[in-house]
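User: Could you take me through one part of this structure in detail, please? I would like a close look at the place where the two chains meet.

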2 protein chains.
Amino acid sequence: MEPKYEEGSKDYIAAHEEIVAKVKASQPEDEYLYDLSELFKIFGDSTRIKILYSLFETELCVGDMATILNLSQSSVSHQLRILKDAKLVKFRRDGKSIFYSLDDEHVRTILSMGMEHVEE
Amino acid sequence: MEPKYEEGSKDYIAAHEEIVAKVKASQPEDEYLYDLSELFKIFGDSTRIKILYSLFETELCVGDMATILNLSQSSVSHQLRILKDAKLVKFRRDGKSIFYSLDDEHVRTILSMGMEHVEE
DNA sequence: CTTACATATGAAAGTATATTCATATGTTCA
DNA sequence: TGAACATATGAATATACTTTCATATGTAAG
């Protein structure tokens with residue numbers, strides 16, 4: 001969740017009314033943009049990125065992820081819940097272990113897009 | 001900046017050594033993944049997403065953005081600095097106004113990818 | 001059914017982040 | 001050069017976030 005604040009002051013008189021009206025009309029719903037930012041927020045944490053990346057080519061159980069990424073089991077589990085809630089990963093149980101994997105190709109695509117930008 | 005914590009405990013003995021070794025070997029450098037998460041973190045705020053979206057098709061000056069998005073001038077300006085530092089927007093001065101625009105096609109692509117995911 | 005293993009979860013602590021308010025900087029024009 | 005406009009910035013405040021620690025839940029095997 002983002003902090004909630006009051007709306008901005010409106011004491012500014014638009015310098016370019018035509019453009020303002022046009023852009024305002026083409027701007028998507030706030031709720032939609034909010035969802036979009038929430039999606040990116042999930043990717044905006046290095047632990048979660050590490051987890052997603054570790055799942056790029058194969059499924060993994062929680063303990064193995066913790067070992068690979070050198071993180072505590074608890075921390076990995078907490079972050080997996082967030083990724084699961086965001087439908088970025090899915091899981092299956094196999095005996096005592098639970099195996100996680102990327103939920104769909106979209107996740108891979110978003111990661112790849114980001115990589116391209118970072119690599120420049 | 002993300003909070004810094006100690007490294008995770010290593011008391012877990014990998015259940016699947018072969019997979020662990022393989023994934024560990026193919027995992028990118030931590031620094032690289034950190035940069036990637038920092039990039040996504042920029043997109044992970046609704047105010048910044050709104051700003052980026054308002055610039056999707058045209059450049060805008062700070063005051064007009066504030067008007068369009070119903071945000072304070074100060075808030076927009078603070079966020080623009082973050083976007084500027086991340087090289088997601090560029091700007092040009094025209095008299096008293098400063099016009100911002102998206103820095104490159106990558107930004108548009110990343111936004112579009114996110115949209116596709118959210119729209120499902 | 002009891003023990004051991006694998007994962008999940010709640011609370012607490014520390015850190016990071018976004019906005020607001022006040023003010024500074026920079027630009028234009030009279 | 002001074003007034004008005006446009007943008008930037010520092011400090012303070014409030015909130016959100018991630019990890020750790022302790023413990024709970026769920027599963028399998030003896």
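**Where chain A meets chain B**

Across the interface of chain A and chain B, 10 residue pairs are in polar contact, with both partners at pLDDT 80 or more. Please keep in mind that this is a predicted model. On the side of chain A that touches chain B, the elements giving two or more residues are helix H1 (17-26), helix H2 (30-43), helix H3 (46-54), strand S1 (60-61), helix H4 (62-69) and helix H6 (105-119) of chain A. By class, that side of chain A has 29 nonpolar, 17 polar and 14 charged residues.

Charged side chains also meet here: there are 2 salt bridges between chain A and chain B. One of them joins Lys50(A) to Asp30(B), with a nitrogen-to-oxygen distance of 3.3 Å.

Now for the extent of the interface. Chain A gives 60 residues to the contact, and chain B gives 60 residues. Between them the two chains bury about 5,300 Å², and 66% of this lies on carbon and sulfur atoms. In chain A, the residues that lose the most area to chain B are Phe40(A), His106(A) and His117(A), which together make up 12% of what that side buries.

Over all chains, a search of the whole structure finds 7 aromatic pairs. One of these is Tyr53(A) with Phe56(A): the ring centres are 5.5 Å apart and the planes lie at 20°, which is under the 30 degrees cut-off, so the pair counts as stacked. Tyr53(A) has a relative accessibility of 10%, and because buried means under 20%, Tyr53(A) counts as buried. Phe91(B) and Tyr100(B) make a tilted pair, 5.6 Å from centre to centre with 35° between the planes. Within that pair, Phe91(B) is partly exposed at a relative accessible area of 45%, whereas Tyr100(B) is buried at 7%.

Chain A has 6 helices and 3 strands, and from the N terminus on its elements run α-α-α-β-α-α-β-β-α. Of its 120 residues, 45% count as buried. Among the contacts in chain A with a separation of 6 or more, 55% come from residues 24 or more positions apart.

Terms used. Residues numbered from 1 in each chain as written. Chains lettered and ligands numbered in written order. Predicted model: local features only at pLDDT ≥ 70, side-chain atom pairs only at ≥ 80, totals over all residues. Heavy atoms only, no water. Contact = heavy atoms within 4.5 Å. Buried area = accessible area lost by both parts, 1.4 Å probe. Salt bridge = Lys/Arg side-chain N within 4 Å of Asp/Glu carboxyl O. Polar contact = N/O pair within 3.5 Å; in protein donor to acceptor, adjacent residues only side chain to side chain. Helix = DSSP H or I, 4+ residues; strand = E, 2+ residues; numbered from the N terminus. Nonpolar A, V, L, I, M, F, W, Y, C, P; charged D, E, K, R; others polar. Phe/Tyr/Trp six-rings, centres within 6.5 Å; stacked < 30°, edge-to-face > 60°. Buried < 20%, exposed > 50% of the residue type's maximum accessible area, 1.4 Å probe, protein only.
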